[in-house]
Amino acid sequence: MPHVWILYLAIGTLVSSFVGAITLRAALHATNVMARGGHKRAPALPFPSFDWSVTLMVIANVLNLPVSWGVSEFVTEIPSLKGADKTDLAFVAMLVALPLNLMVLANVLKVGIPTTLPHACSVVLFQVVFSVVYGIVAGAIAVAFVFAAWAIDTGGIPQTTANAVQSPILIGGIIAGIFGAGTVFIVCLNKLEGTDDRGSSTPRAAKLPVVQPETVTQTDDHRTAVPEPEPNVGHTARVITVLTLVAIIFGILVFGFRR
């Protein structure tokens, strides 16, 4: 496979979008709590469907690819950095591109949720925090999986770095970490569904079960900006989620059975 890096890039983009959709929902919960002062008020931001969340993350990641590439090329051409180690150059380029990448993500969320730019920036900052937490949980699960597998099969411990990168056990640990952390996040978020901002607004609506939805829509423009989750997309958004799952399965086959 002479251009296998394209496949790796596509798989990485889709997997990171899958993870980003999970952390986005956690970030929206945190932003709503901060903006409204607690769970007793209506949410400041609507919650998009998971399909639309994945789609937004894919769009942001695709837009950030040329941004990161351009920054990398710019850093490489700096005279004072010529001759530096490639790892150091990549690290510097990542630091320079980070604020630009976050700004791109904030603008994508501003349009796709939709919301204001300050609220979108708050969501992005919370998403960075939850992404770090996600990485820690995924790393812990991956390490536990790998060491448990090596304890069962001591002959499977790779002797070189090259073998470790291609080790099915290590690849399985990474996959287990990603999906395990995702499961932990989803379970925690589902427990918040009954006690979050939207759930607490239900008793108010119960007082006027028939009239209030029409009244809010016709007379109060401010409340219409704070609806229940209503992704303004069609069924085509589900295609992104299906492609994500297919790419992950295909990636498992490529990485795990290439040897």
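## A walk through the predicted helical model

Trp5, Ile6, Leu9 and Leu65 make a nonpolar surface patch of about 380 Å². Patches of this kind join nonpolar side chains (Val, Leu, Ile, Met, Phe, Trp, Tyr) within 5 Å, taking residues with over 30% relative accessible area and no salt bridge, a salt bridge being a side-chain nitrogen of Lys or Arg within 4 Å of a carboxyl oxygen of Asp or Glu. Accessible areas come from the Shrake-Rupley method with a 1.4 Å probe, and for residues only the protein chains shown count as cover. Helix α1 (residues 4-36) gives the most to the patch, with three residues. Leucine 65 lies in helix α2 (residues 50-76) and is partly exposed, with a relative accessible area of 37%. Here buried means under 20% relative accessible area, exposed over 50%, and partly exposed in between (1.4 Å probe, protein chains only).

The model is predicted: local features need pLDDT of at least 70, side-chain atom pairs count only at pLDDT 80 or more, and totals for chains, interfaces and linings use all residues. Residues are numbered from 1 along each chain as its sequence is written, and side-chain values use heavy atoms, with hydrogens and water left out.

The protein has eleven helices and zero strands, where helices (H or I, at least four residues) and strands (E, at least two) are DSSP runs numbered from the N terminus. Of its 259 residues, 33% count as buried. The accessible surface comes to about 15,300 Å², and 72% of that belongs to carbon and sulfur atoms. Among contacts (heavy atoms within 4.5 Å) with a separation of 6 or more, 75% are between residues 24 or more positions apart.

Between α3 (86-112) and α4 there is a loop that holds proline 114. The peptide bond joining isoleucine 113 and proline 114 is cis, with omega about -15°. The expected span is 1.5 Å times one less than the number of residues. Buried residues in α4 include Ala120, Val123, Gln127, Tyr134, Ala138, Ala142, Val146 and Trp150. An α-helix has 3.6 residues a turn, so residues three or four places apart point the same way.

What does valine 123 contact, leaving aside its neighbours within four places in sequence? Valine 123, found in helix α4 (residues 117-152), is in contact with Leu24, Ala27, Leu28, Thr31, Leu45 and Leu109. Valine 123 is buried, with a relative accessible area of 0%. Its C-alpha atom is separated by 9.8 Å from that of lysine 110, which is 13 residues apart from it along the chain. Not counting residues up to four places away in sequence, threonine 31 touches Leu45, His119, Ser122, Val123 and Phe126.

Helix α6 (residues 168-192) has 25 residues and reaches 36 Å from its first C-alpha to its last, close to the 36 Å expected at 1.5 Å a residue. Its buried residues include Gly173, Gly177, Gly180, Ala181, Gly182 and Phe185. Glycine 182 has a relative accessible area of 5%. Leaving aside neighbours within four places in sequence, glycine 182 is in contact with Ile22 and Tyr134. The C-alpha atoms of glycine 182 and isoleucine 22 are separated by 7.0 Å, although these residues are 160 residues apart along the chain.

A search of the whole structure finds three aromatic pairs. Rings of Phe, Tyr and Trp (its six-membered ring) pair if their centres lie within 6.5 Å; planes under 30 degrees apart count as stacked, over 60 as edge-to-face and the rest as tilted. Phenylalanine 18 and phenylalanine 179 form a tilted pair, 6.2 Å centre to centre with 50° between the planes. Phenylalanine 18 lies in helix α1 and phenylalanine 179 in helix α6, so this pair ties together parts that are 161 residues apart in sequence. Phenylalanine 18 counts as buried at 13% relative accessibility, whereas phenylalanine 179 is partly exposed at 34%. The rings of tyrosine 134 and phenylalanine 185 have their centres 5.2 Å apart and their planes at 50°, so that pair is also tilted. Tyrosine 134 lies in helix α4 and phenylalanine 185 in helix α6, so the pair ties together parts that are 51 residues apart in sequence. Both tyrosine 134 and phenylalanine 185 are buried. Ring pairs also link Phe18, Phe50 and Phe179 into a cluster.

Notes. Patches are made of residues with over 30% relative accessible area and no salt bridge: like charges are joined within 9 Å, nonpolar side chains (Val, Leu, Ile, Met, Phe, Trp, Tyr) within 5 Å.
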